[in-house]
Each structure stands twice: as structure tokens, then as C-alpha cells.
Amino acid sequence: TLATPAGGKFSVVLSDGSKVWLNASSSIKFPAAFGRDLRRVEIKGEAYFEIEKDASRPFYVNNGNSEIKVLGTHFNVMAYPDEYRSELTLLEGSVQFTKNGQSQLLKPGKQILYTENNGSTKQIDANIEEVMAWKNDLFVFNNTNIDEIMKELTRWYDVKVKYEGEKPDISFTGVIPRNANVSKVLKALELTGDVAFGIQDNVITCERKIQ
């Protein structure tokens, strides 16, 4: 098992030559060597895969009750326990996604949204730039609400978030480098004029500005 801490991003080459990149607060469980018939790993959190083609040994990624089957492809899986939904995004090749016995094929540029606690799945067009932002060391926000932004910041900067008063019902759009200091990221978010942040002892306070 390889696990990344908050603020960490690691990569690993598996025994078959496949490459995996792990986002912050994520883990992957894999064998030292794959068997003759199949290749299987388990993940938690978020990971990007570039799988070596091997028609005789399908590659499987397990996450809770969901399974992804692939021969050779590039894809991203986001399945953090604190997110209300998980995402599978295909960049190249093809994959078969199975949940609760129901399977569907995914084509490049498509994304499946699914939840672990029920059978709901939805296939949509993917925003590849946004999905791959973490691997490219960027925060990419596209009308992203404050809750989702704060979850990304807590995983990357290893901080906690506290809302003062009513939680701001606002969204942000923009691109910010992930190597920026957290205070610079918060200042960039404050440019909307609708929210104010403070940070002390690794705790970010967030409140709506009174107009």
C-alpha cells in the first residue's frame, strides 16, 4: 500500500510498467507482481492511471462497490470518502465501469458520476482541464462552490475550515498554481468581493462579507 499525506502527490510504476499518480490524502493497494490472468489494484482518494496494454491480463481498479475494467488506457478516478459523489474520467482508450452488477462503457472525453451509497450513475461530457488540474499542479475552478473549494484546500494544505455565521453561497472561476502559499490562494478568492478569510494555527475561517 502506498499512501500520500495531505499536501502530498506521489507517483509509482507498477510491476507491469503501468504508471499511477496519487493526489493528496489518497492511497493505492497493489501486489508486488501481478498474476498471469489479471491485474488488480484498490484505491481510495484520487488517482490518475496510464495503463500498459496487455490483452491477456485485463486491469481492474476497485473502489468500494465499484469496479473499472481496462486493457490499456488513461483515466482519472476521484473517490474521496468526504465527497458526496465519485468521478471516473476517461482521457484515452476505453473502460468498462461496473457498479451493483450494472456495467456501462465509457468513451474518451466522457465522465461517470456515481455515489457509493446507492446505485445512481450519470454519464456526462468531462472538463478535462478541471479534472487533470491536480496532476498539473493547478487549482482549476469552474463555477465551483465554496464547499468543494475548501475540501480541495484542506487536502492540499493540511488545514481545517471553520465557517463564521452563515456559509457563503458563492462560487468561483479561475486558475491558481498549487505551489502558491495558502494565504495567496485565499487572497485570490477574496477578489470576488463576497467572502473574507482568516488563517491561524492551520484553521481557515471563512465568512460572507456584509455589503
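Analyst: Two residues are in contact when heavy atoms of theirs lie within 4.5 Å. The model shown here is predicted. As a case, take Phe 49: setting aside neighbours within four places in sequence, its contacts include Lys 19, Val 20, Ile 28, Val 41, Ile 43 and Phe 59. Val 61, Thr 73, His 74, Phe 75 and Val 77 are also in contact with Phe 49.

User: Which residues touch the most other members of the largest nonpolar core?

Analyst: A nonpolar core is a set of buried residues of nonpolar types joined through side-chain atoms within 4.5 Å. Here the largest such core holds 25 residues, and those touching the most other members are Phe 49, Phe 59, Phe 75, Val 77 and Leu 88. At least two residues of this core come from each of β3 (19-22), β5 (39-50), β6 (59-63), β7 (66-70), β8 (74-79), β9 (86-92), β10 (95-99) and β12 (110-114). The most is given by β5, with four residues. Another core lies apart from this one; it has 22 residues, including Met 150, Ile 170, Ile 176 and Val 195.

User: Is Tyr 157 buried or exposed?

Analyst: The cut-off for a buried residue is a relative accessible area under 20%. Tyr 157 has 18%, and is therefore buried. This residue belongs to helix α2 (residues 146-157). Residues up to four places away in sequence not counted, Tyr 157 touches Phe 139, Arg 178, Ala 180, Asn 181, Val 182 and Val 185. In the fold, the C-alpha atoms of Tyr 157 and Ala 6 are separated by 6.5 Å, although the two residues are 151 apart along the chain.

User: How many helices and strands does the chain have, and what radius of gyration does it show?

Analyst: There are three helices and 18 strands. For the radius of gyration, one compares the value with that of a compact globule: for 211 residues this would be near 17 Å, so the 18 Å of the chain agrees. Along the principal axes, the C-alpha atoms fill a box of roughly 65 × 30 × 25 Å.

User: What percentage of the residues is buried, and what is the accessible surface of the chain?

Analyst: Buried residues account for 43% of the 211. The accessible surface is about 11,100 Å², and carbon and sulfur atoms make up 46% of it. As for charge, the chain carries 26 positive and 28 negative charges, whose mean positions are 4 Å apart.

User: Finally, what share of contacts joins residues at least 24 apart?

Analyst: Counting contacts between residues at least 6 apart in sequence, the share is 44%.

Definitions and conventions. Residues are numbered from 1 along each chain as its sequence is written. This is a predicted model: local features need pLDDT of at least 70, side-chain atom pairs count only at pLDDT 80 or more; totals for chains, interfaces and linings use all residues. Side-chain values use heavy atoms; hydrogens and water are left out. The radius of gyration is taken over C-alpha atoms; the globule rule is 2.2 Å times the number of residues to the power 0.38. Buried means under 20% relative accessible area, exposed over 50%, partly exposed in between (1.4 Å probe, protein chains only). Accessible areas come from the Shrake-Rupley method with a 1.4 Å probe; for residues, only the protein chains shown count as cover. Lys and Arg count as positive and Asp and Glu as negative; His and the chain ends are not counted. The place of a charge is taken as NZ of Lys, CZ of Arg, CG of Asp or CD of Glu.
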